[in-house]
Amino acid sequence: MKRIWAVLPAWALAACQTVPYVAPEVPVPGQWAHQARAVVPGAAGTATQASEGSASLADRPWAQVFPVPELTALIDEALLGSSELVVAIERVELARAQYGLERASMFPSLNAAGSATRQRLPGADPSSNVISEGATLALVMPAWEIDLWGKLAARTEAARRDVLANAALAQGVRTSLAAQVATLYLDLLDLDQQLAITRRTLDGRRQSLRLTRARFDEGVSSILDVRQSESLVASSEQAIADQRRRLAQTENALSTLLGRNPGPITRSVPLEALVVPAEATAGLPSELLQRRPDIRAAEEALRGASANIEAARKAFLPSVTLTTMLGLASPALGQLFDSGRYAWSLQPAIGVPLFDAGRLQSGVELAEAQQRILVEQYRSTIRQAFREVSDALVAIEQLGLQREAASRVDSANRERLRVTRARYLSGVSSYFEVLDAERQLFDTEVALSQVTRTRHQAVVQLYLALGGGWRGDLS
């Protein structure tokens, strides 16, 4: 017994020594490799070089990134109707309820209890059998553990961090959902433009087919020219069917994301009319640690793991519980409220873990292993975030240059087709040169539309990678 009392002060001293949370060290670059060269050509085709000190794109409201009201309305609808977001929000509520349970354990509970008994007990002599009765009416505090060492507070803190982590994850679902809507919307605009290009090309090829047949009837062209022209018309019709299929499937995907049944999506803005920011900058890499929802969630989970370790270590310390009762008691029910019938009890108790077959130590090792896992996940999340921002910046830089080059190729092929047709009608060039020029122009126009869409999507991905708020009420 003397040994136990000698060890108690050491236990108490160890309980008071709470290890503060220290964030794991993660190398953070001083600046982005492509920050100064991330250029987004404006609506007029001009380009502006982003400066090193420019503010982050994520600081801007979404309406300034892509000022398209119908896209903003689609994002709002998705945020209201997405089942994935509803599940994420319910997970926050679930964690909040668990936090409430843990927090309540730190406080005593109070119950009102009343009882009455009436009994007949036989004695040694049957003639001495008596009937007895009793009654109590009291306020009872069940066994309450007094948190002397902070064990319950540590568990409550772990639950609170779980609430914050789930709230950050819900924010991440919001931003990811908005990015998916914007990406699919841009896919639709690109497919609309490709379909318009193909239809225009089909009209031209049908006109060329009529001209070629007329020249064949006059003996000027060969049947080979007619067959080549028919092949181009058929290939355009095939491309239109494929584009219509992809349009319908993309509309269905976006409708599902919005919480609708599959169906058409209304859109009135052409792809080339979209205006994007002249500068797409990412700010400082260190700002990403506070802005990205997944990084915040990983850090909150790590803080919760530290609290769990603290609670597991303090489980070795003695536990002190208190049970009380205050009320009325009487050996006769009719005398319960007579004067002098008040009663009370106070029952403190202390429990010291002596042998548990390693259960408490295993609890500490479990909490420490979970923390080590979360440390690596935290570091991996940060590295992945840096990669996504860097990928988006280099994509914006190179796609801007690629679009400018594709625009020049489109102009050159358009002029080439005009000259080739004139030479063919003059009998200088063969019809094969006209067909080749038409194919080149069609491929160039489609490629220009695709690179324009991809460049716009790179801006969306940068905004997502930076943890942009999309709307002011989501930040």
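Predicted model: local features only at pLDDT ≥ 70, side-chain atom pairs only at ≥ 80, totals over all residues.
Good morning. Among contacts in this protein chain between residues at least 6 apart in sequence, 81% join residues at least 24 apart; contact here means heavy atoms within 4.5 Å.

Residues are numbered from 1 along each chain as its sequence is written, and side-chain values use heavy atoms, with hydrogens and water left out.

Let me turn to confidence. The predictor's confidence in each residue is given as pLDDT, from 0 to 100. Its mean over the protein chain is 84, with 88% of residues at 70 or more. Helix H1 (residues 2–16) has the lowest confidence, at a mean of 48, while helix H8 (residues 293–314) has the highest, at 93. Two stretches stay under 50. Over residues 1–8 the model has one contact beyond four places in sequence, and over residues 36–53 it has 41 such contacts.

Next, the overall architecture. The protein chain contains ten helices and four strands, where helices (H or I, at least four residues) and strands (E, at least two) are DSSP runs numbered from the N terminus. Their pattern along the sequence is α-α-α-α-β-β-α-α-α-α-β-β-α-α.

How are the strands arranged? They form an open sheet of four strands in the order S1-S2-S3-S4, with antiparallel pairing. Strand S1 (111–121) and strand S4 (342–351) are the edge strands, each pairing on one side only. From one strand to the next, the twist averages 25°; the axes are lines fitted to C-alpha atoms, and angles run from 0 to 180 degrees between N-to-C directions. Two strands pair if DSSP finds at least two bridges between them. Eleven bridges join S1 to the antiparallel strand S2 (residues 130–146), and the partner of Asn-111 in S2 is Val-140.

I now come to burial. Of the 475 residues in the protein chain, 40% count as buried. The cut-offs are under 20% relative accessible area for buried and over 50% for exposed, with partly exposed in between (1.4 Å probe, protein chains only).

Gln-457 lies in helix H10 (residues 431–465). Why does Gln-457 count as buried? Because its relative accessibility is 11%. Beyond its neighbours within four places in sequence, Gln-457 is in contact with Thr-183, Leu-186 and Asp-187.
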